[in-house]
Number of protein chains: 2
Amino acid sequence: MANDAFAALAHPVRRGIVERLAQESTTVGAATEQFGLAKPTVSRHLKVLEDAGVVRRRIVGRLHYLELIGESLDAPYAWLSNQRYAWERLFDAVEDHLREHGSADG
Amino acid sequence: MANDAFAALAHPVRRGIVERLAQESTTVGAATEQFGLAKPTVSRHLKVLEDAGVVRRRIVGRLHYLELIGESLDAPYAWLSNQRYAWERLFDAVEDHLREHGSADG
């Protein structure tokens with residue numbers, strides 16, 4: 001859910017992995033080598049992404065492939081979209097109010 | 001930046017405060033009473049939101065007002081939008097490939 005997805009995306013390394021996997025599904029090595037991190041650190045970040053349902057791992061022989069579960073981005077995207085929409089309506093209402101009643105110093 | 005905003009939105013209480021403030025700017029008390037949290041906990045969550053530039057506090061006499069900085073949602077929204085777009089193109093490319101070359105069992 002949005003809950004886990006936001007927390008999963010809260011770290012720049014995890015967002016970097018998502019950016020990489022949005023371009024192509026690839027191996028753990030290829031998806032994470034750009035960060036130059038120790039393997040336990042990579043594993044910890046991947047576990048967060050997998051547990052949140054943002055990334056899926058497929059094991060083929062000795063290779064671990066990662067793919068983005070694109071649908072996992074829907075809930076946080078919709079949440080942000082809703083808050084922006086509500087805030088814009090609020091902003092418009094305040095502007096209308098000021099236009100009708102004048103600003104504090106007007 | 002997107003960085004801080006995602007981390008600020010990673011906790012359900014902080015998202016709840018944002019949801020409330022997207023509806024109206026209000027006092028700290030009114031924005032947070034629904035969570036039934038101890039004051040130090042509320043303060044800690046508000047500090048994260050303020051430090052990330054998601055929420056602004058205005059002090060009028062003895063009252064602390066909170067307002068959402070709506071623009072702070074733009075960066076995470078754009079980031080999610082970009083990843084979803086990239087992933088959908090990738091998904092389409094895989095579908096096209098399977099249609100042209102057949103699936104593994106086809």
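Some housekeeping before the tour. This is a predicted model, in which local features need pLDDT of at least 70 and side-chain atom pairs count only at pLDDT 80 or more, while totals for chains, interfaces and linings use all residues. Residues are numbered from 1 along each chain as its sequence is written, and chains are lettered from A, with ligands numbered from 1, in the order in which they are written.

Pairing here requires at least two DSSP bridges between two strands. β1(B) is joined to β3 (residues 63–68) of chain B by two bridges, and β2(B) is joined to β3(B) by six. One pair to click on is B:Ile59 with its bridge partner in β3(B), B:His64. At the turn, the hairpin of β2(B) and β3(B) has two residues between the strands, and B:Gly61 has a positive phi near 65 degrees.

Now please switch to chain A. Here too, three strands make an open antiparallel sheet, ordered β1-β3-β2. The edges are β1 (26–27) and β2 (55–60) of chain A; each has a single partner strand, so one side of each lacks a neighbour in the sheet. Sitting against this sheet is α2(A), which touches β2 and β3 of chain A and runs at about 90 degrees to the direction of β3(A). For that angle, axes are lines fitted to C-alpha atoms, for helices over the stretch in contact, and angles run from 0 to 180 degrees between N-to-C directions.

A:Val55 faces A:Leu68, A:Arg56 has A:Glu67 as its bridge partner, and A:Arg58 has A:Tyr65. A:Tyr65 also stands opposite A:Thr27, and β1(A) pairs with β3(A) over two bridges. In the two-residue hairpin between β2(A) and β3(A), A:Gly61 takes a positive phi near 60 degrees.

On to the helices of chain A. Helix α2 (residues 12–23) has twelve residues and reaches 17 Å between its end C-alpha atoms, close to the expected 16 Å. The expected span is 1.5 Å times one less than the number of residues. Which residues of α2(A) are buried? They are A:Arg14, A:Arg15, A:Ile17, A:Val18, A:Leu21 and A:Ala22. These residues lie on the same side of α2(A), because they cover an arc of only 155 degrees around the axis, taken from the directions from the helix axis to the C-beta atoms. Buried means 20 or more other C-beta atoms within 10 Å of the residue's own, exposed means 12 or fewer, and partly exposed is in between, with C-beta atoms placed from the backbone.

A:Gly102 follows α5(A), with a positive phi near 80 degrees.

Last stop, the interface. Contact means C-beta atoms, placed from the backbone, within 7 Å. By that rule, 25 residues of chain B are in contact with 25 residues of chain A. On the chain B side, α1 (2–8), α2 (12–23) and α5 (74–101) each give two or more residues, and α5(B) has the largest share, at eleven. That side divides into 16 nonpolar, five polar and four charged residues. The nonpolar class is Ala, Val, Leu, Ile, Met, Phe, Trp, Tyr, Cys and Pro; Asp, Glu, Lys and Arg are charged; the others, Gly among them, are polar.

That's the tour; over to you!

Technical notes. Helices (H or I, at least four residues) and strands (E, at least two) are DSSP runs, numbered from the N terminus. Two residues are in contact if their C-beta atoms, placed from the backbone, lie within 7 Å.
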